[in-house]
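Thank you for asking for a second reading of this model. My remarks follow as numbered points, beginning with a pair of charged side chains and moving on from there.

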Amino acid sequence: MNEMANKALRLGIIGAVAALLLSVVNNFAEPVIAQRKADELNKALTVLASGESPGEAESHPAGGVKKRWSIDGNKGWILELEGSGYGGPLTVVASYNTDGSIILARLMDNSETVGFGKKAENPDYMKIFIGTGGEKPVPRNKNDLGSDVDTVSGATITFTGITEALRDGSNLVKEWEGR
Amino acid sequence: MTYIGIIITYVFISNLVLSQFLGLCPFIGVSKNTESAVGMGFAVTFVMSLAALITWALQHFILIPLNIVFLQTVTFILVIATLVQLVEMAVRKYSPPLYQALGIYLPLITTNCGVMGIALISVNKSYGPMESFIAGLSAGAGFLMALLFMSGIRERLDTEKVPKFLQGTPIAFISGGLMALAFMAFDHALLTNLIGG
Amino acid sequence: MMKNLFKGILRENPIFVLALGLCPSLAVSTSVNNALGMSAATFIVLLGSNVVISLLRKQIPEDIHIPAYIVIIASFVTLVDIVMQAYFPALSKSLGIFIPLIVVNCIILGRAEAFASKNTVGASAVDAIAMGIGFAVGLISIALVREILGAGTITIFPDGGVIRIPGLVDKPALVFAFPAGALIVVGFLQAFFRWLGEVTNK
């Protein structure tokens, strides 16, 4: 029994040292990670507002929307949208004109598959959505894309997740603008 | 996702071995004959379903409330290792015949990437407890199926003439690859058509 | 010592000869830069845990080897994960859940049990370096073949460090980007390394 206690103690010490060490490192790294995420979002916002500056963030203005910013001079809205992809939840930020058409979009946090769904992080991926949502509807599935379908080859679930989030966003903008 | 959806996903579409490369070591190592493949497959299924459920509880009742999610990797792998030990002891005590059949495979399961993999995937996809359990169970069933097919192929390969440098594991990998190729027929479009998303 | 290093890279290459450590790594072998990142992360964990385990080898009784080693390895993995998230965000994003999965990479626990638990710190460090380099050589060759054939590119840095291979980049053999292609590539590379081992042995 004494031997058992000795072994348990040794294991406990190893575990405690490990946990302590990790929490110290985590304490250092956590603010860095948070800061990086904030910077990334700000950078994306500056691009999305295309020259204009976004207003104050407003949390949870509607279901599926984490935050929204009004673009200066009521030129439109920037939305941080929640969608669901292949690897779990994903975040898309997109800017909209007041008629609900998409100005620009970016895929942010996601757990999509490396080499497949992750490709949507490439800004070029989102080109197929630009301008849709107003007169022209946001593509619902890959068949709506015509010759652009190669851009989104593979990763159907990722595509669907993104397009659904963007469509919801577009509909909300239309609702807010009374169109 | 519905339970049926989860089952189809992890048995066929995202089969751990054939589309995620998780659990490759036993897939190649324990597939030399059908009998051990079945033993290993059932042992893994058992541990996977329990592990997915227990790690869900750990994540939601301990790691998140205490704000120590950074210890996730350490605690998950410890839970899995302990679970494997407990299962081994329980099986030895209460079911000697089962122990005879599964015993030697149990210790190997700790380092089966699939167990840790399905635990992490369930947490990442924010599954609930029942969904996690079903995901673990179906991932295990998918593993069992892949292992069983592979052992069938390898038993036949034994009697075939294989080029010298391809003998053993290389030809096993190539056969596995061809099998994965066949499994590419199962994709998410199939799921959408079957159960409407 | 050079001989030991060489052993890890060719004759006992963990990936090709021992077929170890493939599970969590193959999934990131779709591009060379991801393979490089994964190799670096695995290398650090392997070296760190081998050194710590051999330091503590007299303090850890035989029957608690596995749980103790697992805790040590998992701590190094978490350390790499946190540091990567903070300082190499792009890499951390693209490797995703495969970083925590390094903990179940069979090579690491395998080397801990087979080597570091019985040998001095220096020897364990050399062993880790040899195995780490061997692992990197293995994973990067897989990624090279897969990316060239499957995408027609070689990505060293995602921004600006992409080599495009004319002819292949427009019509790549997509199958190599899929899991099925990866397993086939591993099989053939394994046979190739065996052949190489035999030729260089003569």
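**Notes on the predicted model**

1. Glu3(A) and Lys7(A) stand 4 residues apart in helix α1 (residues 2-48) of chain A, which means that about one helical turn separates them. An α-helix has 3.6 residues a turn, so residues three or four places apart point the same way. The two side chains meet in a salt bridge, with 3.3 Å from N to O. Please bear in mind throughout that this is a predicted model.

2. Asp63(C) is itself exposed, with a relative accessible area of 54%.

3. Within chain C, Asp127(C) and Arg111(C) form a salt bridge whose closest N and O atoms are 2.9 Å apart. Asp127(C) belongs to helix α7 (residues 121-151) and Arg111(C) to helix α6 (residues 106-116), so the pair ties together parts of chain C that are 16 residues apart in sequence. Both of these residues, Asp127(C) and Arg111(C), are buried. As for shared partners, salt bridges join Glu3(A), Lys7(A) and Asp63(C) into one network.

4. How many salt bridges cross the interface of chain C and chain B? The rule finds 1, and Glu198(C) forms a salt bridge with Lys164(B), the closest N and O atoms being 2.6 Å apart. Over all chains, the count of salt bridges comes to 4.

5. The interface of chain C and chain B involves 38 residues of chain C in contact with 36 residues of chain B. Together the two chains bury about 3200 Å², and 82% of that area lies on carbon and sulfur atoms. On the chain C side, Cys23(C), Val104(C) and Leu183(C) lose the most area to chain B, together accounting for 19% of what that side buries.

6. Chain A contains 2 helices and 5 strands, and from the N terminus on its elements run in the order α-β-β-β-β-β-α. Of its 179 residues, 40% count as buried, and chain A exposes about 9200 Å², of which carbon and sulfur atoms supply 53%. Among contacts in chain A between residues at least 6 apart in sequence, 48% join residues at least 24 apart.

7. Helix α2 (residues 156-176) of chain A has 21 residues, which at 1.5 Å a residue should span 30 Å, and the 30 Å between its end C-alpha atoms agrees with this. Buried residues in α2(A) include Phe159(A), Ile162(A), Leu166(A), Leu172(A) and Val173(A). Their cover includes β1 (58-62), β2 (65-71), β3 (76-84), β4 (89-97) and β5 (102-107) of chain A. After α2(A) comes Gly178(A), whose phi is positive, near 70°.

8. A last point concerns the cysteines, for which the count comes to 0 disulfides over all chains. Cys113(B) is buried, with a relative accessible area of 0%, and Cys106(C) is buried as well, with a relative accessible area of 11%.

Technical notes:
Residues numbered from 1 in each chain as written. Chains lettered and ligands numbered in written order. Predicted model: local features only at pLDDT ≥ 70, side-chain atom pairs only at ≥ 80, totals over all residues. Heavy atoms only, no water. Disulfide = S-S within 2.5 Å. Buried < 20%, exposed > 50% of the residue type's maximum accessible area, 1.4 Å probe, protein only. Contact = heavy atoms within 4.5 Å. Areas by Shrake-Rupley, 256 points an atom, 1.4 Å probe, with all protein chains shown as cover. Expected span 1.5 Å × (residues − 1). Buried area = accessible area lost by both parts, 1.4 Å probe.
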